[in-house]
Amino acid sequence: MDATATYRPADFAPPEALGSLERRSLLAGIFGLGIGSVGWLLDPAQFFQSYLIAYIFWVTISLGCLGLAMLHHMSRGAWGIVIRRPLEAAAATIFPLMTVLFVPLLFGLHDLYEWTHEEVMQSSPALEWKLPYLNEPRFLTFTAVYFAAWGFLAWRLRSLSKRQDETEQGAFFRRLQGWSAVGFLALALTMTLASVDWLMSLDPHWFSSIFGLWFFTGSGLSGLAFITLVAGWLAKRAPMARLFDRKHFHDYGKLLFAFVMLWAYLSFSQLLLIWSGNLPEEIPFYLARLETDWLLMSVFLLLGQFVVPFLILLSATIKQRKRTLAKVALWILAMRWVDYAWHVVPTLEFIHGEDGTLLPSLWIDLALMAGIGGVWLWYFFRSLDRRPLLPVNDPFLDEYFDHE
């Protein structure tokens, strides 16, 4: 397909249906946050736990899409050209939206993080050694740096992409590629540190050398699953319906398969190392999930996050069917939420000496998922609605559409 010979930016104006999705998402977000605020009045500790899970779920989609956009620029993969705009729109949610939505968690630091209590940090020599890192001033400073770095990278790529829309100069491709190479390394480093601060430090005694890579990979899986859903929606509507074909969705299916495999490999490697080491600082993490009522949830996560998508995505035919692939992507997103809940809830139950499951707090969890998610989707659709859906001045556009 010779896209540059016939297509102009005006030919790829976003569909009018995006306006309706914006309004519905915003209403859902307001309603969900309103219901979730009731949970804050009834049980603040539970509210902050549910808020953390929902926030991590949505912010990792933003970060995953930012990483995928950089990966596309570096590799010049044909899979990315028709989803570049959705990737940029998802990355744009990082600043200011997700930065602002992080603020409520600052009021729950003492409910979520045991290391914020001075008596806890002084209770053992091991924790005293961690005090230079596990303290509130350092946590706040690093968090500000994370959002500044992520927001800058998302803005820079989107700005260069916009300037590429306005001119046919091929130099912008090299600049996008250069910023992506540097930015990908910065993203990996900052996300590793953020995973330690926001999730691993929920239990200040526990540590894992694989955790940062697991978080980075899981974010990529979340972002790819979300973008696959968006691609399926755009492929049914003008103007993108004429550009999406089976090869694009086959590529997305192969990428999903690869990320599912990598997630399973890292998760198993972490379990193997910790279980074989049997150290008192590490092993309680898995004891709280494998020798309690959370065992069934652990088995469900294994089946749902790995076995089911693995078996389905083995089929090349299924990977080319956009409707079936969209269902698989939606399932994977649901499992990503279960995965984050599996990491957060048992840890806090273990620390506070409580027994229970996810179910009693499910209404707060779902309300905040809908609340943060509704606002996130509103901002995403709003950003997507402001740009042509195809970068027609990309110098390799013909090559992308002629890929086999």
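Which residues make the nonpolar surface patch of about 760 Å²? Phe31, Ile35, Val38, Trp40, Leu41, Leu42 and Trp363 make it. The model is predicted, so local features need pLDDT of at least 70 and side-chain atom pairs count only at pLDDT 80 or more, while totals for chains, interfaces and linings use all residues. Residues are numbered from 1 along each chain as its sequence is written, and side-chain values use heavy atoms, with hydrogens and water left out.

**Surface patch**

- Patches are made of residues with over 30% relative accessible area and no salt bridge; like charges are joined within 9 Å, and nonpolar side chains (Val, Leu, Ile, Met, Phe, Trp, Tyr) within 5 Å.
- Accessible areas come from the Shrake-Rupley method with a 1.4 Å probe, and for residues only the protein chains shown count as cover.
- Helix 2 (residues 17-42) gives the most to the nonpolar patch, with six residues; helices (H or I, at least four residues) are DSSP runs numbered from the N terminus.
- Trp363 belongs to helix 18 (residues 362-384).
- The relative accessible area of Trp363 is 38%, so Trp363 is partly exposed; buried means under 20%, exposed over 50%, and partly exposed in between (1.4 Å probe, protein chains only).

**Salt bridges**

- Eight salt bridges are found in a search of the whole structure; a salt bridge is a side-chain nitrogen of Lys or Arg within 4 Å of a carboxyl oxygen of Asp or Glu.
- One of them joins the side chains of Arg85 and Asp165, at 2.5 Å from N to O.
- Arg85 lies in helix 4 (residues 84-91) and Asp165 in helix 10, so this pair ties together parts 80 residues apart in sequence.
- Arg85 counts as buried at 2% relative accessibility, and Asp165 counts as buried at 13%.
- Glu88 forms a salt bridge with Arg387, with the closest N and O atoms 3.9 Å apart.
- That pair links distant parts of the chain, since Glu88 is in helix 4 and Arg387 in the loop between helix 18 and helix 19 (397-401), 299 residues apart.
- Both Glu88 and Arg387 are buried.
- A salt bridge also joins the side chains of Arg336 and Asp339, at 2.7 Å from N to O.
- Arg336 and Asp339 are three residues apart in helix 17 (residues 322-352), so about one helical turn separates them.
- Arg336 is buried at 0% relative accessibility, and Asp339 is buried with a relative accessible area of 1%.

**Helix 10**

- Helix 10 (residues 136-166) has 31 residues, which at 1.5 Å a residue should span 45 Å, and its end C-alpha atoms are 45 Å apart, in agreement; the expected span is 1.5 Å times one less than the number of residues.
- At the start of helix 10, a side-chain oxygen of Asn135 comes to within 2.9 Å of the backbone nitrogen of Arg138.

**Loop residues**

- Glu281 is placed in the loop between helix 13 (246-277) and helix 14 (284-290), and counts as partly exposed at 34% relative accessibility.
- Glu281 and His205 are 76 residues apart in sequence and 5.6 Å apart in space, C-alpha to C-alpha.
- Leaving out residues up to four places away in sequence, Glu281 touches His205, Trp206 and Phe207, where contact means heavy atoms within 4.5 Å.
- Thr292 is in the loop between helix 14 and helix 15 (295-313), and is partly exposed with a relative accessible area of 37%.
- From Thr292 to Pro346 there are 54 residues in sequence and 9.3 Å in space, C-alpha to C-alpha.

Terms used. Helices (H or I, at least four residues) and strands (E, at least two) are DSSP runs, numbered from the N terminus. A polar contact is a pair of N or O atoms within 3.5 Å; within protein, one must be able to donate a hydrogen and the other to accept it, and residues adjacent in sequence count only if both atoms are side-chain atoms.
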